[in-house]
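Morning, everyone. I'll talk about salt bridges today. Let me put the structure up.

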Amino acid sequence: MSSNSKTGQGLPPDVRMRGFASRTSVTAALRWIDSAAEQLDSESVPLTAATGRVLSAAIASRVDVPAFDRSMMDGYALQAAAVQGASPYHRLRLKVVGQSLPGRPFRGAVAWGEAVQIATGAPVPAGADAILPAELAEPCDFSSSPSDPAVATTARPAPGDHLPGAIWALGDVAQGKHLGLVGEDIHHGDPLLAAGRVLRPQDVGLVASIGRQSVDVVRRPRVQLVITGSELAPVGMPAERFQIYDANGPMLQALAERDGGEVLPWRLAGDDQAPLRSALAGPADVVLVSGGSSVGPEDEAPRVLAECGELSIHGVAMRPSSPSGMGRVAERLVFLLPGNPVSCLSAYDFFAGRAIRLLGGRSAQWPYRAVVLPLARKLVSELGRVDYCRVRVVDGVVEPLAVGGAAVLSSTTRADGFVIVPEASEGFPAGATVEVLLYDR
C-alpha cells in the first residue's frame with residue numbers, strides 16, 4: 001500500500017515498467033472504502049421524482065387514512081339491526097332517503113328503516129353502521145306491500161338513474177360490515193417508512209396518500225468518468241486502423257446509474273492528462289478513471305492522483321483487476337480502474353460501486369442475487385489473492401467459463417454470474433457448493 005498527500009512524503013514509487021513490489025489485500029481495500037465513503041447530505045425532491053431514491057429521514061403520518069368512514073361496497077348505507085333476518089323469502093322494506101357519492105356525501109342522518117344509496121369510497125352518513133351490498137337489494141315503490149308479486153321483478157336502476165323510493169332488503173348484514181373506518185389503513189403518528197429505504201412505486205403512493213408532495217432523500221453521488229487511451233474510438237464514430245471502440249465508458253455509466261449515481265457529461269480523454277486533472281478538481285463526488293492505472297510506460301493516472309491529492313492504494317491482490325488504485329482529492333473519492341473491460345467491470349463492482357452505494361445511502365453489499373449451487377468441475381485459484389470467476393449455470397450446476405481473459409468482455413455476457421474465490425482458498429473441487437452472484441436480477 002502506498003500513501004501520499006500534499007503534506008505527506010512526496011510521490012509514491014514509480015512502478016511503471018517495474019511492476020508492483022506488493023499488493024494490498026481486497027479486505028484492506030474494502031476497509032478503506034468503508035471508512036472513506038460517508039453518506040452524502042440530503043435534499044428534498046417531489047414525489048414524482050422520488051422512485052428509486054433513498055430516504056434520508058423516516059416518514060410518519062400526520063393524518064388518518066381514511067380521514068372519514070367510507071363505504072367499501074356499492075349498495076345502501078343503513079342500520080344493520082333494521083335488516084336482521086332479511087332473506088329472499090322474508091324481504092324487509094326500507095325507505096331510500098338520499099344518495100352518497102365520493103366527494104358528495106349525504107348531509108342528513110339515517111334513521112331506523114331508512115337507507116342511503118352509496119357508492120364505493122363515498123362517506124358513510126351519520127346513523128348508518130353497515131352497508132347492504134347492491135346485489136342484496138331490489139328497488140320497489142314505497143307504497144308496495146311485501147305481498148305484491150310485481151315488486152320482485154322490478155329492475156334495479158343503473159348508476160345515475162333516479163333513486164328508488166324504497167328497496168327490499170333480500171339479506172342481512174352485520175354491524176360494521178363493508179365499512180372502511182377512520183384510520184383503518186393509517187393512523188395519525190404511525191411510522192410508515194424508515195430512513196435508508198429505497199423508494200418503490202407503492203412507497204411513493206403511500207406517501208401521497210398522507211398528503212405529502214415531497215420527501216427528503218440522500219443526494220445522488222455525482223460521478224465523473226475519465227476514459228483514457230489514445231487507441232479508443234467513440235461508439236458510433238469511424239474507427240481508424242489500430243483503434244478499438246470504447247466499451248468501458250458506456251458500461252461504467254450504466255453501472256454507476258444502477259448504483260444510484262448521477263453521471264456527469266463525459267467524453268474520451270485519450271492520453272492527455274488535462275481531462276484527468278480537470279476531473280480531479282471538478283464538482284464530482286466520485287471520479288472513475290478507466291485505463292492508465294497499471295505499470296505500462298503511459299500509465300500516468302496513479303502519479304497524477306498522487307500529485308493532486310492522495311494515492312491511498314495502488315495494486316490489489318486479486319485477479320483480474322490487480323492494477324486497481326484508489327485515493328482522494330479533498331473530499332472527492334477517486335478510483336483507478338484497469339482498461340481491460342473484464343478487469344474494469346470487476347474493479348468497479350468490488351470497489352467503486354461499493355463507494356457509490358455507500359455515498360448514496362444504499363447497502364454496501366453486492367447488488368446481485370445470490371444462489372448456492374454445486375460446481376460441475378474444479379475451480380482453481382492461488383493462495384493470497386481473490387479471484388473473480390465468470391460462470392454459467394446449466395441445469396442447476398455451475399460451469400466455470402474462464403479465469404483469465406481480462407480483455408474478453410464477451411465472457412461476461414455469456415456468463416450468468418460470477419463466483420468469488422477468497423484469498424485464503426486454492427479453489428473448490430468438483431461437486432463443492434459455491435455461491436454464485438447472478439448478473440440478472
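Is D259 buried or exposed? D259 is buried, at 2% relative accessibility. Buried here means under 20% relative accessible area, exposed over 50%, and partly exposed in between, with a 1.4 Å probe and protein chains only.

Some ground rules. This is a predicted model, where local features need pLDDT of at least 70, side-chain atom pairs count only at pLDDT 80 or more, and totals for chains, interfaces and linings use all residues. Residues are numbered from 1 along each chain as its sequence is written, and side-chain values use heavy atoms, with hydrogens and water left out.

Back to D259. Its side chain meets R357 in a salt bridge, 3.2 Å from N to O. By salt bridge I mean a side-chain nitrogen of Lys or Arg within 4 Å of a carboxyl oxygen of Asp or Glu. D259 sits in the loop between α3 (248-258) and β16 (262-263), while R357 is in helix α6, 98 residues apart. Helices (H or I, at least four residues) and strands (E, at least two) are DSSP runs, numbered from the N terminus. R357 is buried too, at 4%.

Helix α6, residues 341-359, also carries R354. R354 pairs with D34, closest N and O atoms 2.8 Å apart. D34 is in helix α1, 320 residues away. R354 is buried at 14%; D34 is partly exposed at 38%.

Next, R277 and E307: a salt bridge at 2.7 Å, N to O. R277 lies in helix α4 and E307 in helix α5, so the pair ties together parts 30 residues apart in sequence.

Finally, D41, R219, R222 and D285 are linked in a salt-bridge network. The whole structure has 15 salt bridges.
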